[in-house]
Amino acid sequence: MTGHTIGIIGAGAVGQTVAALLIGEPWCDRLLITSRTADSATGLVADLDDMAHVVRAGTRAHAVTVAELDQTDAVVLCPRATFTNTASRDVRMAGLAANAPLIASLARTLTGYTRPVVMVTNPVDVLSRLCATISGAPTYGIGSATDTARYRTALAAHHRVPVNEVDGYVIGEHGDGAVICASSTTIRGTPCAVPLDLIRAELADRPRRINAGIGRTRHGPAAAVLSALRKLLDVEDGTDVLSVNRAGVWLGIRLRIRAGRPTVQPLELDPHETADLITVRTKLEAAYRTINHHEQGARTCL
């Protein structure tokens, strides 16, 4: 399959990595890139052009304005407002006040866009809802996909098995409220022991190690974006864990995506997991109400 055009908003760590991955995808013909400054977008485009020529890829990148993204088959939203995150707990949610106005502004420019929008910016679940509500575009957050990959990696290491033999999911919030679906996790199709305290500690510590070592997570989230795009654009069928609308609240859930159409595949949860998911819904709803209040106030003042 060829001919897809992907828009990327944000030329930072994740945006650069997503773009580099897409250069190697045979189904992606064009990248339309926009960023806070024209220099960052044109610089990234020049670097990607060098890459495409070296690896003999057919994908070509172009620096554009946000208004020109209506030419795309999907948009990846990964900008980050300028702020210093000093939080030691609930780190992703700490970016809400800074990033929400930025996403709200971009969502207004995407009003009427009908193709997939893949959200990366944190807090990804709340901002996916904000973008979808303002723009009307089908919006998918990738946080729980990254959490699920980390969960499987940690559990495989604990049991000393190949990671592809682990089938288990993390749903709910991408953050401190992540719900580990231990009761339905299997190894080689057999239920397995999940040391929840150890796994939760690893899920919390892993991004900190990445940030301490290279400044910011980039490759894991970028790969989650690529996985989502392949399925949402009908390049391949499969299962993913994305943040979508569940009774008015966007949260991570297992989706089966066939022919580009996602269908929710609910997981069986035990009572503790169900209670955790209810707590997450309440938290995400409260966070959205906070930014929605400010958004309505700002629009009233215009």
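With 302 residues, a compact globule would have a radius of gyration near 19 Å, and the protein chain agrees, at 19 Å. The radius is taken over C-alpha atoms, and the globule rule is 2.2 Å times the number of residues to the power 0.38. The model is predicted: local features need pLDDT of at least 70, side-chain atom pairs count only at pLDDT 80 or more, and totals for chains, interfaces and linings use all residues. Residues are numbered from 1 along each chain as its sequence is written, and side-chain values use heavy atoms, with hydrogens and water left out.

The C-alpha atoms of the protein chain fill a box of roughly 50 × 50 × 40 Å along the principal axes. The chain holds eight helices and 14 strands. These elements are DSSP runs numbered from the N terminus, with helices (H or I) of at least four residues and strands (E) of at least two. Buried residues account for 49% of the 302. Here, buried means under 20% relative accessible area, exposed means over 50%, and partly exposed lies in between (1.4 Å probe, protein chains only). The accessible surface comes to about 14,000 Å². Carbon and sulfur atoms contribute 52% of that surface. Areas come from the Shrake-Rupley method with a 1.4 Å probe; for residues, only the protein chains shown count as cover.

The chain carries 31 positive and 29 negative charges, and their mean positions are 2 Å apart. Lys and Arg count as positive and Asp and Glu as negative, while His and the chain ends are not counted. Each charge is placed at NZ of Lys, CZ of Arg, CG of Asp or CD of Glu.

The largest nonpolar core has 79 residues. Such a core is a set of buried Ala, Val, Leu, Ile, Met, Phe, Trp, Tyr and Cys residues joined through side-chain atoms within 4.5 Å. The residues with the most contacts inside the largest core are Ile-6, Leu-22, Leu-31, Ile-33, Leu-130, Ile-171 and Leu-229. Helix H7 (residues 219–232) supplies the largest share of this core, seven residues. Leu-130 touches Ala-100, Ile-103, Ala-104, Tyr-288 and Ile-291, not counting residues up to four places away in sequence. A second, separate core has 14 residues, including Ala-154, Val-161, Ile-180 and Leu-203.

Thr-5 sits in strand E1 (residues 4–9). Thr-5 is buried because its relative accessible area is 7%. Its C-alpha atom is 5.9 Å from that of Asp-29, 24 residues apart along the chain. Beyond neighbours within four places in sequence, Thr-5 contacts Arg-30, Leu-32, Gln-71, Thr-72, Asp-73 and Ala-74. Ile-187 belongs to strand E10 and counts as buried at 10% relative accessibility. Residues up to four places away aside, Ile-187 touches His-159, Val-161, Glu-165, Val-166 and Cys-192.

Backbone geometry was examined in the loops. Arg-188 has phi near 55°, a positive value in a residue other than glycine. Arg-188 lies in the loop between strand E10 (186–187) and strand E11 (190–191). It is exposed, with a relative accessible area of 58%. Ala-247 also has a positive phi, about 55°, although it is not a glycine. Its loop runs between strand E12 (238–246) and strand E13 (249–258). Ala-247 is exposed, since its relative accessible area is 74%. The peptide bond from Asn-122 to Pro-123 is cis, with omega near -5°. Pro-123 occupies the loop between strand E5 (117–119) and helix H4 (124–135).

Two further residues are partly exposed. Asn-245, in strand E12, has 40% relative accessibility. Asn-245 and Leu-155 are 90 residues apart in sequence, and their C-alpha atoms are 28 Å apart. Ala-94 lies in the loop between strand E4 (74–77) and helix H3 (96–109). Its relative accessible area is 35%. Ala-94 is 180 residues from Thr-274 in sequence and 25 Å from it in space, C-alpha to C-alpha.

How values were computed: Contact = heavy atoms within 4.5 Å.
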